[in-house]
Amino acid sequence: MKPVALETGEPSRVPPLIHKGNKGISILDLVLRAVAIVATLASAVAMGTTNETLPIFNQFIQVKAQYNDLPTFTFFVIVNSVVCFYLVVSLPMSIFHIVRSEARISRVILIFLDSVMLALLTVGAAAAAAIVYLAHKGNASANWLAICQQFNSFCERVSESLIGSFGAILGFIVLILLSAIALCRRP
């Protein structure tokens, strides 16, 4: 058998593969940052304005519960405020990623700083959650009484502020995963 010459035409050109998915990830990043700003700000404000006063025997003797009576709650307010400030400062970088979705170094920096803020927010929320648990349940072996039966409004508001903070923690986890996915894609 003789080899037959095939007609050679123009070589087929495959169009370059362009990933436009990073732009969508960047938009989702911006939206998640905005939601986390609202969650951390609401948590800080809710905890920082929490107080309740109860009369003991008569109107002249009163017991007051405030967030700053416990250093853990003060730490919680400070942590949520710092994280909220960080999120506001990181918004321009997130907008930059929408415009230039192929940026890599800034994404690595954001992953690092987001991880630090995630750790800080987790520490503050976990510490406050432990105190809220003690306020609800008490600890019989340490003779700590549950105070939420008396200070019901105080405990409800403190518990609600934890919800926003834990929501922001979930948001940070998704932010870090999205940035890692955007880094793994080759533009």
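## Burial of F73 and F154

F73 counts as buried because its relative accessibility is 2%, where buried means under 20% relative accessible area, exposed over 50% and partly exposed in between, with a 1.4 Å probe and protein chains only. F154 is buried as well, at a relative accessible area of 4%. This is a predicted model, in which local features need pLDDT of at least 70 and side-chain atom pairs count only at pLDDT 80 or more, while totals for chains, interfaces and linings use all residues. Residues are numbered from 1 along each chain as its sequence is written, and side-chain values use heavy atoms, with hydrogens and water left out.

## The aromatic pair

F73 and F154 form a tilted aromatic pair, with 6.4 Å centre to centre and 55° between the planes; rings of Phe, Tyr and Trp (its six-membered ring) pair if their centres lie within 6.5 Å, and planes under 30 degrees apart count as stacked, over 60 as edge-to-face and the rest as tilted. Because F73 lies in helix α2 and F154 in helix α4, the pair ties together parts that are 81 residues apart in sequence; helices (H or I, at least four residues) and strands (E, at least two) are DSSP runs, numbered from the N terminus.

## The nonpolar core

The largest nonpolar core has 39 residues, and those with the most contacts inside it include F73, F154, M47 and L121; such a core is a set of buried Ala, Val, Leu, Ile, Met, Phe, Trp, Tyr and Cys residues joined through side-chain atoms within 4.5 Å. Two or more residues each come from α1 (21–48), α2 (71–99), α3 (105–137) and α4 (152–184), with α4 giving the largest share, 12 residues.
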